[in-house]
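Look at the model first, then follow each answer.

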Amino acid sequence: MKILHVAAEVFPLVKTGGLGDVVAALPPVLAERGLDARLLLPGLPAIRDGVRAQKKIAEFGPAFGAASIVIRHGRMPETGVQAYVIDAPWLYARDGNPYVGPDGQPWPDNLQRFALLGWVAAHLAFGEFDPFWTPDILHAHDWHAALSLAWLASHPAHPVRSVYTIHNLAYSGDFGLDAHAELGLPRRLFTHEGLEFHGRGSFMKAGLVFADRITTVSPRYAQEICTPEFGCGYEGVIGARRNALTGILNGVDYKLWDPTTDRYSDKLFSARSLDGKAACKAAVRASLGLDAAPDAPLAVIVSRLTDQKGMDLVLAALAQLLGRGMQLAVLGEGDPAIQEAFVVAGRLNPGRVAVHVGYDEALAHRLIAGGDLILVPSRFEPCGLTQLYGLRYGTLPLVRRVGGLADTVADASHENLQADAATGFVFDEASADALGAAIGRAADAWADRDLWRSLMQRAMARDYSWGTAAKKYLSLYRGLMAQ
Ligand code: ADP
């Protein structure tokens, strides 16, 4: 079976969040199971420079505002996964974030940038660019790739099947409906049954309406997005496609995220031999200027600093966290007001709160290795990866009961402790008080060292490797091909 994964980012070349991790990890695990899984990527600078052994396979233009567009074929570094790169410097040769400009606003030509990605995906699937390879299934990830499914729908005679994975429904990509002429899509697709969403066009809706199958990155999020609370206005559209919708939990790439082999970790450790973890904690504290308080638990955050991630709740519960003798180390960037509030909190609490603004892969690993507790109090969470990393490193996740967090962390409740199932701390209400109460329970558990150690060891034994997810994608693809 031949699968084309279409996405705007891929680790280690371009990553703004979990999407990049998933797009990097899934094709190689599918390949291990005998599939021919390839990538199609926009030629953002790091992708254009980082994909190896590129050969030009096609050139065309002008299109979508770019005078000339070259399609190259090469291989991903490390995994060797085959990748097609769209080289269109006018649209993609920009430093910084792939989706937003330096002002934090979407790039003004995102319509053209991601329409091109979708257009090339569909036409690659129609056999127009690579005479030696066409996919059986086009698998589009998030809104950036979703318009490919509208082009597939406009050519119904083609046998290509499609899957659309929602990594985050809150980012949907919208545009003026008058763009249909520029996109070259039939006008009939721009109705309420098609791309139209509240008087605008929506990339997300193209995926939701036209894909043969829709997946989300956790079973719980698949249910949640059918409700007004989590559906971002799309709950009706999604509800109508419920039979096509499945939740498949993301995996973790344990080649990158494992305390016994981590290339960034200050010291390696395992569930059997935890001494290294104490060394990791000491090293993180020393490098971030936190006090070497022997009894204080270290809570860490590696996150986009946004409302979605509940970062405002952390700020509001900070006094409770510090009041229970904890320290806090934060790595992240995002909403300028939240970012600034964390920086101020760091300044006001020297030795107890350390804040590093920015994106730093090595520090992310070091914090997750050195922390005792990782805070993920999200308002909504399609899957979440950092709590899964936390489990593997015995850095107990403290999470809100939503989406993938609810699917992967078992609260240290009386029943779960009795059943030998507890792996972290889970709370319900999106409020500082509820978060503070959970922090209080974590502090109580910390005081009981045997209990804490048993929670760590159970957490570290949890297996969220990609094998389980790969099996589910495989059976989804097989089901589609059998139709
Ligand atoms: P989302 O994709 O919604 O941001 P996920 O938990 O699914 O959240 O994935 C976030 C990914 O990005 C994880 O791999 C996490 O380690 C990484 N990450 C988030 N913020 C940073 C940062 N400031 N520096 C390094 N890595 C980060």
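This is a predicted model: local features need pLDDT of at least 70, side-chain atom pairs count only at pLDDT 80 or more; totals for chains, interfaces and linings use all residues.

Q: Why is Ser-154 called buried?
A: The relative accessibility of Ser-154 is 14%. Buried means under 20%. Therefore Ser-154 counts as buried. Ser-154 sits in the loop between α5 and β7.

Q: What makes the pair of Ser-154 and Trp-151 a polar contact?
A: A polar atom of the Ser-154 side chain lies 2.8 Å from the backbone oxygen of Trp-151. The cut-off for such a pair is 3.5 Å.

Q: Which residues make the contact between α4 and α5?
A: From α4, they include Phe-114, Leu-117, Trp-119 and Ala-122. From α5, they include Trp-143, Leu-147, Trp-151 and Leu-152. By class, the contact has twelve nonpolar, five polar and no charged residues.

Q: How do you know that α14 is mostly covered?
A: Nine of the ten residues of α14 (residues 361-370) are buried. Among them are Glu-361, His-365, Arg-366 and Ile-368. The buried residues of α14 pack against α10, β13, β14, β15, β16 and α15.

Q: What is found at the start of α14?
A: A side-chain oxygen of Asp-360 comes to within 3.1 Å of the backbone nitrogen of Ala-362. A polar contact has a limit of 3.5 Å, and this pair falls inside that limit.

Q: Why is Leu-208 called buried?
A: Leu-208 has a relative accessible area of 1%. The cut-off is under 20%, so Leu-208 is buried. Leu-208 belongs to helix α7 (residues 203-210). Leaving aside neighbours within four places in sequence, Leu-208 is in contact with Tyr-164, Ile-166, Ile-214, Tyr-234, Val-237, Ile-238 and Arg-241.

Q: How far apart are Leu-208 and Gly-251 in sequence and in space?
A: In sequence, Leu-208 and Gly-251 are 43 residues apart. In space, they are 23 Å apart, C-alpha to C-alpha.

Notes: Residues are numbered from 1 along each chain as its sequence is written. Side-chain values use heavy atoms; hydrogens and water are left out. Contact means heavy atoms within 4.5 Å. Helices (H or I, at least four residues) and strands (E, at least two) are DSSP runs, numbered from the N terminus. Ala, Val, Leu, Ile, Met, Phe, Trp, Tyr, Cys and Pro count as nonpolar, Asp, Glu, Lys and Arg as charged, and the others, Gly among them, as polar. Buried means under 20% relative accessible area, exposed over 50%, partly exposed in between (1.4 Å probe, protein chains only). A polar contact is a pair of N or O atoms within 3.5 Å; within protein, one must be able to donate a hydrogen and the other to accept it, and residues adjacent in sequence count only if both atoms are side-chain atoms.
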